[in-house]
Structure formats: C-alpha cells, structure tokens
Amino acid sequence: MSHQVDHIDLKLLREMQLDASLSQRDLAERVGLSQNACWRRLKALTEAGVLQGSRARVAREKLGLTLVVFVMLRTRHHSAEWLQAFRRHVLTIPEVVDFHRIGGDYDYQLKVVTQDMTSYDKVYQRLIEKVELDSVTSYFAMEAIAEGRPLPL
C-alpha cells in the first residue's frame with residue numbers, strides 16, 4: 001500500500017517518536033488536528049507500514065546493562081545459504097540489539113548490550129559457535145552520548 005506522507009503526517013511522526021504514550025487527544029492537539037482526523041492519519045500511516053507499533057524506551061543502565069559493544073565481523077562466505085544461516089543464528093542472541101550488513105572493511109556490524117565483560121564473552125562464544133567467521137573485532141563504548149535518537153523528519 002502506498003501512502004503519500006505530507007507535512008502533517010511528519011508532525012505526527014515527530015511527536016510519536018518523542019512520546020508514543022501521548023493520548024490521541026493530546027497528540028491531535030500538538031499537531032493541530034481533530035481527534036478523528038488524527039486517528040485516521042495514524043491508521044493510514046500504520047496500514048502503509050510507515051508507523052510500526054510503539055515501544056517503551058528502557059533505561060538499560062538502571063537494569064545493569066552497562067556494557068555496549070560494537071562488533072565488527074568479516075567473513076569469507078557470501079552464499080545465500082550461509083547468509084541465511086548466519087542471520088538466523090545471530091537473531092537467536094537477545095543481547096544483539098542492532099544487526100547490519102555493511103560495506104567497507106567489514107561485512108557485518110552488531111550492537112551488543114550486556115551486563116559486563118563476562119556476559120559479553122558468553123555472547124561472543126555463542127556468536128562464533130555455529131558459523132565460520134574470518135575475523136571478529138569488538139569496540140567497547142565508553143559513553144553513550146546519544147542513543148535511540150528520533151529519525152530526522
């Protein structure tokens with residue numbers, strides 16, 4: 001389904017990125033719509049796949065998840081079968097919160113969130129146990145300056 005996004009839709013999406021828990025009335029007020037018009041637009045954006053649910057932002061540090069690791073992977077395998085098996089395997093590891101195939105010196109980048117180095121080592125061991133990788137390089141975040149920022153709409 002195709003949906004033409006206009007400036008009012010962009011306002012809605014900006015507000016939703018900042019606080020998806022807003023009541024429909026408050027959201028409609030912020031973007032200058034009636035509640036019914038707001039509901040219709042949100043429904044259209046959802047049906048078009050532009051708006052995909054809503055999630056709560058969790059303060060990972062408050063739960064002891066203080067180690068963030070960016071894992072850079074290189075492989076010699078590029079077959080569709082290997083890629084499919086690799087994707088399935090990585091997606092079974094809950095500590096992997098972001099997973100990208102990239103261009104450049106590496107083939108894949110993972111963002112891993114865990115408690116500490118011991119926990120990360122368990123993730124690392126699990127990562128390498130089922131698929132052959134050429135190299136694994138880990139970069140440890142010292143400070144999160146900005147995480148989960150809204151899209152620039």
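Q: At what angle do helix H1 (residues 7-18) and H3 pack, and how far apart are their axes?
A: In this predicted model, the two helices pack at about 85 degrees, and their axes are 11 Å apart.

Q: Why is H1 called roughly perpendicular to H3?
A: Angles of 65 to 115 degrees count as roughly perpendicular. The angle here is about 85 degrees, so H1 is roughly perpendicular to H3.

Q: Which residues make the contact of H1 and H3?
A: H1 brings Ile 8, Asp 9, Leu 12, Leu 13 and Met 16, while H3 brings Cys 38, Arg 41, Leu 42 and Leu 45.

Q: What makes up this contact of H1 with H3 by class?
A: Seven of the residues are nonpolar, two are charged and none is polar. Asp and Arg belong to the charged class, and the contact includes Asp 9 of H1 and Arg 41 of H3.

Now for the sheet.

Q: What is the order of the strands in the open sheet, and how do they pair?
A: The four strands follow the order E2-E3-E1-E4, and their pairing is antiparallel.

Q: What makes strand E2 (96-101) and strand E4 (135-140) edge strands?
A: Each of these two strands pairs on one side only. Neighbouring strands of the sheet are turned by 20 degrees against each other on average, with direction ignored.

Q: How do you know that strand E1 (residues 67-74) and strand E3 (residues 108-114) pair?
A: Pairing takes at least two bridges. Seven bridges join E1 to E3, so these antiparallel strands pair. As one detail, Leu 67 stands opposite Thr 114 in E3.

Q: Which helix packs on the sheet and touches E1, E2 and E3?
A: That is helix H4 (residues 80-90), and its direction makes about 165 degrees with that of E2. Helix H5 (residues 117-128) lies across E1, E3 and E4, at about 25 degrees to E1.

Two residues deserve a visit.

Q: Why is Val 71 called buried?
A: Buried means under 20% relative accessible area. Val 71, found in strand E1, has 0%, so Val 71 is buried. Among the residues that Val 71 touches are Leu 110, Tyr 120, Leu 127 and Val 136.

Q: Is Arg 60 buried or exposed, and how do you know?
A: Arg 60 is in the loop between helix H3 (35-47) and E1. Its relative accessibility is 12%, under the 20% cut-off, so Arg 60 counts as buried.

Q: What makes the link between the side chains of Arg 60 and Glu 61 a polar contact?
A: The limit for such a pair of N or O atoms is within 3.5 Å. The side chains of Arg 60 and Glu 61 are joined at 3.4 Å, so the pair counts as a polar contact.

Conventions
Residues are numbered from 1 along each chain as its sequence is written. This is a predicted model: local features need pLDDT of at least 70, side-chain atom pairs count only at pLDDT 80 or more; totals for chains, interfaces and linings use all residues. Side-chain values use heavy atoms; hydrogens and water are left out. Axes are lines fitted to C-alpha atoms, for helices over the stretch in contact, and angles run from 0 to 180 degrees between N-to-C directions. Contact means heavy atoms within 4.5 Å. Buried means under 20% relative accessible area, exposed over 50%, partly exposed in between (1.4 Å probe, protein chains only). A polar contact is a pair of N or O atoms within 3.5 Å; within protein, one must be able to donate a hydrogen and the other to accept it, and residues adjacent in sequence count only if both atoms are side-chain atoms. Angles under 35 degrees count as roughly parallel, over 145 as roughly antiparallel, 65 to 115 as roughly perpendicular and the rest as oblique. Lists of a residue's contacts leave out its neighbours within four places in sequence.
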